[in-house]
Amino acid sequence: MNHLFYLLSDPMLIIEIKESRLYIRDVNQAFTEFSGFKKSDLLHLDPSSAISTADTGNSFYDVIHSLSEDEWSSPSIECALVTKSSTPAPIRLSSRKLQSDGLTFYVLICKDLRETKWIDDYIVQNKIMISTIVDDKYNIKTLKHYYAPVQEPASSYIGTSIYDMVLEHDRSKAKRVFEYAKNNRTAEKIDFQLKLGDRSYSTSALIQPFYNGNRSFKNFVVILMNMQLSSQEEDPSYKLRMLMLSKNVSVTSLAQSTLISLTTISKIRNGKIKKPQRLTAELIAGELGVRPEMIWSNFKR
C-alpha cells in the first residue's frame, strides 16, 4: 500500500472483502495510538469489533458500503471507535473503495471527536468566551470565540503557541499548570493575564487533557472564561499610549497632524487631562483610526 498511508496523522485502516467477509488488512500508526491496540492484535479481525456502528441503526457493512458509494461528496457518519484503555471514542468515519487485482478494499479514515464533543457538552452548562484545542507542542490547533472581543480572525491564531496569548509575567505559572494537568491526567483551573491584539484581559481558564488509547498524551482543550479588561486597560491615557505605540505615532507628529498643542497632547497622554474637549478627542481618535469611545469610554456623541 502507499507509504503515505503510514505517515498520515489521521487514524486509518484498510479493510478487505474476502469470501463475503470483511477483514482488517492494515492500520497506520495513528490508528494504533488512538485505539491502543497493537497492529498484530488488529490484523485479520472483523473490523466491526474495532468500530461500532450500533448507534447508527445500520450494520457495519451497510455503513461502509453507503459511505463508499459517492466518491465525490466524501460523506461521513458519526460512530464509535473501541479503545483499549477507555470507553468507546466518538469518531467521524469516512470511507473510500479501492479495487486491485480483483480484490475489493476500503480505506477508512477516523476523525477523533472527543475534544469537540467535550466542548459542546461544556457549552450547554456554561457560558464561555473562547475554546481552543492545543497540541502536545503547545500550539493552537483550533480556536473558536463566542462572546470574546477577538479582533483578529480565529485562523490567525492557528499554529501559534498558546503561550503567546499569555502575558510574560504569567507564562511560567501557565507552563506549570499545563504540565501538572498533563502528568496527573486531571482538569486544572488557572487565572492569568491574557493578551488579544493590543489589549490585555484578566481571565480564568479550564485546562482539560486528552489521551490516546495507548495512554500517550494527545492534546489539551482550553476553555477561557470571565474575560475582563485589565484595570490598566481601562485608563484612557494607557489606551492612547498603546495606540500611538502600535501605530508608531509620536507626540510631536500627532500634535502636528491634529493642530493640537504639544502640551495638550502630552497631558492627555500622561493622564493629567482625563477628559479632553469633544473636538480634541475626535481629532486625536480620527488621526489614530479609531472612534473616540475606543479611548474614552464615557465619550458621548
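Biologist: How many helices and strands does the secondary structure of the protein come to?

Modeller: Helices (H or I, at least four residues) and strands (E, at least two) are DSSP runs, numbered from the N terminus. Here there are 10 helices and 11 strands. This is a predicted model, in which local features need pLDDT of at least 70, side-chain atom pairs count only at pLDDT 80 or more, and totals for chains, interfaces and linings use all residues. Residues are numbered from 1 along each chain as its sequence is written, and side-chain values use heavy atoms, with hydrogens and water left out.

Biologist: What radius of gyration does the protein have?

Modeller: The radius of gyration is taken over C-alpha atoms, and the globule rule is 2.2 Å times the number of residues to the power 0.38. The protein has 27 Å, whereas a compact globule of 301 residues would have a value near 19 Å. Its C-alpha trace spans about 90 × 40 × 35 Å along the principal axes.

Biologist: Which residues are closest to the centre of the largest pocket?

Modeller: On a 1 Å grid over the protein atoms alone, a pocket is an open set of points where a 1.4 Å probe fits, with protein on both sides within 12 Å along at least five of seven lines; lining residues have an atom within 4 Å of a point. Of the 33 residues lining the largest pocket, Asp112, Glu115, Lys141, Lys218 and Asn219 are the closest to its centre.

Biologist: Which element supplies the largest share of that lining?

Modeller: The largest share, five residues, comes from α5, which covers 114-125.
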